[in-house]
Amino acid sequence: MIATCKKRKKQSSGALLLELLIIISLIAIILSVGVHAVLLSIKSNKVLGERDVANALASESLEITRAITEENWENIYSLIKSTQHYQTIQSGGKWAFIAGDETINMNNILYTRYSIIDNVSRDDTTRHIQSSYSSADNDPSTQKITVTVSWLGGNPVVVSGYFFRWKNKVCAQTAWTTGGSGNTVKLCSDASYDTKDAAIDVTGGSLKLQ
């Protein structure tokens with residue numbers, strides 16, 4: 001009788017020990033998964049936060065570009081296209097473009113920001129912007145700006161926008177002088193005009209377009 005009781009106590013103790021080990025193992029697994037999930041959440045929130053900052057910086061650059069183009073269309077149209085990186089600065093109380101990349105420190109993270117300017121062409125029939133630029137259909141009153149914001153450990157944010165020349169100036173023209181061929185933007189004041197051919201007759205004080 002006594003031997004049977006001792007045997008049952010040993011079996012009971014062994015079962016309790018096994019259950020305890022199982023519980024400890026389960027707790028360890030749950031804690032491990034929980035910690036991993038928390039770390040992933042923290043990392044995800046960090047990445048999203050950094051990307052939000054990058055998007056804000058890109059949007060800011062587009063708004064500054066809007067101010068630059070509205071002040072004077074030549075501020076953007078006369079710049080080097082497609083290859084040159086530009087950053088924005090304040091000069092004489094106004095925003096302006098200068099060549100190069102801009103480094104911005106936000107929350108102890110260094111962001112690099114720059115803009116690239118491209119000419120734009122339009123379909124002669126629809127007047128829609130063409131997906132691929134054609135110099136023959138160039139629209140001198142439209143420019144495309146692409147802003148890139150990059151930072152260490154993150155995927156760059158790239159945002160594009162189109163800007164239009166909608167303000168016109170009245171320029172006093174004092175003479176008729178051929179300024180060359182093409183469809184360039186003329187500055188005030190400028191006494192010359194552009195022509196693609198020699199079929200413009202300015203004799204007798206008249207201008208005939210053929």
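The lining of the largest cavity is made up of two nonpolar, four polar and two charged residues. Here Ala, Val, Leu, Ile, Met, Phe, Trp, Tyr, Cys and Pro count as nonpolar, Asp, Glu, Lys and Arg as charged, and the others, Gly among them, as polar. The model is predicted: local features need pLDDT of at least 70, side-chain atom pairs count only at pLDDT 80 or more, and totals for chains, interfaces and linings use all residues. Residues are numbered from 1 along each chain as its sequence is written, and side-chain values use heavy atoms, with hydrogens and water left out.

**Cavity**

- The model has one cavity of 30 Å³ or more. A cavity is a set of points, on a 1 Å grid over the protein atoms alone, where a 1.4 Å probe fits but cannot get out.
- The largest cavity holds about 30 Å³ of space. Grid points are joined across faces, edges and corners, and the volume is the space filled by probe spheres set on the points.
- Its lining consists of Ser61, Tyr86, Gln87, Thr88, Glu102, Arg113, Tyr114 and Ser115. Lining residues have an atom within 4 Å of a point.
- Strands β1 (86-91) and β4 are the elements that give two or more residues to this lining. Helices (H or I, at least four residues) and strands (E, at least two) are DSSP runs, numbered from the N terminus.

**Salt bridges**

- The count is six salt bridges. The rule asks for a side-chain nitrogen of Lys or Arg within 4 Å of a carboxyl oxygen of Asp or Glu.
- Glu60, Glu102 and Arg113 form a linked network of salt bridges.
- Glu63 and Arg66 pair at 3.8 Å, N to O. They sit three residues apart in helix α1 (residues 2-71), so about one helical turn separates them.
- Both partners are partly exposed: Glu63 at 48% relative accessibility, Arg66 at 36%. Buried means under 20% relative accessible area, exposed over 50%, and partly exposed in between (1.4 Å probe, protein chains only).
- Lys94 bridges to Glu71, with the closest N and O atoms 3.1 Å apart. Lys94 lies in strand β2 (residues 94-99) and Glu71 in helix α1, so this pair ties together parts 23 residues apart in sequence.
- Lys94 is partly exposed at 44%. Glu71 is partly exposed at 41%.
- Arg127 and Asp124 meet at 3.9 Å, N to O. Arg127 is partly exposed at 43%, whereas Asp124 is exposed at 59%.

**Nonpolar core**

- The largest nonpolar core has 23 residues, of which Tyr111, Ile145 and Val149 touch the most other members. Such a core is a set of buried Ala, Val, Leu, Ile, Met, Phe, Trp, Tyr and Cys residues joined through side-chain atoms within 4.5 Å.
- The elements giving two or more residues to this core are α1, α2 (74-77), β4, β5 and β6 (157-164). Helix α1 gives the most, with seven residues.
- Leaving aside residues up to four places away in sequence, Val149 touches Ala54, Leu57, Ala58, Tyr111, Thr112, Arg113, Pro156 and Val157. Contact means heavy atoms within 4.5 Å.

**Loop between β4 and β5**

- Ser131 is in the loop between β4 (109-121) and β5 (138-151). Ser131 is exposed, at 82% relative accessibility.
- Ser131 and Val120 are 11 residues apart in sequence. Their C-alpha atoms are 8.9 Å apart in space.

Key:
1 Å grid on protein atoms, 1.4 Å probe; cavity = no way out; pocket = protein on both sides within 12 Å on 5 of 7 lines; lining within 4 Å.
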